[in-house]
Amino acid sequence: MKQRLVYFNGKLVPETEAKISIYDSALMFGDMVFEMTRSFNKQQFKLREHIDRLYAGIKILRIPLDMTPDEMERACYETIEANDHIFSEDDEHRLMIDISRGLLGIYQGIEGLHKGCNIIIADFPLRWTVAGMGMLFNRGINAVITSQRAIPSHLLDPKIKNRSRIFYLMANIEAAQIEGDNNWALLLDPDGFIAEGTGDNFFIVKDGVVISPEGRNILRGISRDYVMKDLCPQLGIPVVEKNFEAYDVYTADEAFMTGTPFCMLPVTSLNGNTIGKGTVGEYFNRLISQWSTNTGVDIIGQIKGWDLERETNSSSAPTPYRFKGK
């Protein structure tokens, strides 16, 4: 079987050989910014927006990266081109871009270790991330408000997409203790307002208005922006940002999550209590349908198709959005 190649500090290497040092700042402090993208019909979606957000984090964290955004974009396409012949016809490219500060100063003298930032661009099938999500487009998610709260921006700014994410995992572990298999964590901010999921943004719909939490204590997602700045205006749907509480979710007409791999998923209950009619909502269907039209891909059909052919995964390891316990 041919190995996928990873862009690793200027070279394309087999993914099994793309390794950073145990003395890297990423391992010591979670000192890494990253982005993850997807394609539609193998064409990257909003790649430049992802790269721009990556470089905002690099700037704020003062990571001394010499590579320009244009060079980063070219490296992404170089990585895709090197791997495309391995991908199945119906696969989509999921890029993972990781930038670490590199070795801590006390380890700089060790011979044979890479000096400077680590630049890593991996490319793997999108279906890995969305495996098993197809049924959620019918049933919806049960959002679970966890005791683990979002970290406020005055302590660690969530608008910088970073790898210091143990609090996400803690929330996923807690949500996994609830009976059922469609429970996704939903975090409150320190003031008790709805913030975000563990890798996804949250919306409610009330009286024909799409509502997102304010962008203070959340990652301002690329998919969130697309819903608010492209899809809603395209469909003539009013959209606002404002603080809201769990009460507002319980009394909403519908709710949904957004995230790069799956685009949108309906949320039909909160803590087991139905939202609206407890079914997939009209506005969700309109938005996801328009997204599919804009990209030329039946988003729901594609993910459901992958579900039908996927092999059973018995691993108990955590996934990006859920925690599988024993």
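Which residues of helix 6 (residues 166-176) are buried? Keep that question in mind for the first view below.

This is a predicted model, in which local features need pLDDT of at least 70, side-chain atom pairs count only at pLDDT 80 or more, and totals for chains, interfaces and linings use all residues. Residues are numbered from 1 along each chain as its sequence is written, and side-chain values use heavy atoms, with hydrogens and water left out.

**View 1. The buried side of helix 6.** Phe167, Tyr168, Ala171, Asn172 and Ala175 are the buried residues here. Because they cover an arc of only 140 degrees around the axis, they sit on the same side of helix 6. Buried means under 20% relative accessible area, exposed over 50%, and partly exposed in between (1.4 Å probe, protein chains only). The arc is taken from the directions from the helix axis to the C-beta atoms. Helices (H or I, at least four residues) and strands (E, at least two) are DSSP runs numbered from the N terminus. The buried residues of helix 6 pack against strand 8 (141-145), strand 9 (183-188) and strand 10 (194-197), where contact means heavy atoms within 4.5 Å.

**View 2. Helix 3 and its two faces.** Look next at helix 3 (residues 69-83), whose buried residues are Met72, Ala75, Cys76, Thr79, Ile80, Ala82 and Asn83. They cover an arc of only 165 degrees around the axis, which puts them on the same side of helix 3. Arg74 and Glu81 are exposed on the face turned away from that buried side. Among the elements covering the buried residues of helix 3 are strand 5 (43-44) and helix 2 (47-60).

View 3. Strand 1 and strand 7 pair in the antiparallel sense over 2 bridges; two strands pair if DSSP finds at least two bridges between them. Here Phe8 stands opposite Ile120 in strand 7.

**View 4. Aromatic pairs.** Rings of Phe, Tyr and Trp (its six-membered ring) pair if their centres lie within 6.5 Å; planes under 30 degrees apart count as stacked, over 60 as edge-to-face and the rest as tilted. By this rule there are 12 aromatic pairs. The rings of Phe40 and Phe45 have centres 5.2 Å apart and planes at 90 degrees, so this pair is edge-to-face. Both Phe40 and Phe45 are buried. The rings of Phe203 and Phe256 have centres 4.9 Å apart and planes at 15 degrees, so this pair is stacked. Phe203 in strand 11 (residues 201-206) and Phe256 in strand 14 (residues 254-259) are 53 residues apart, and the pair links distant parts of the chain.

**View 5. Tyr283 in its surroundings.** Tyr283 lies in helix 9 (residues 282-295) and counts as buried at 17% relative accessibility. Leaving out residues up to four places away in sequence, Tyr283 touches Val205, Gly208, Ile237 and Glu254.
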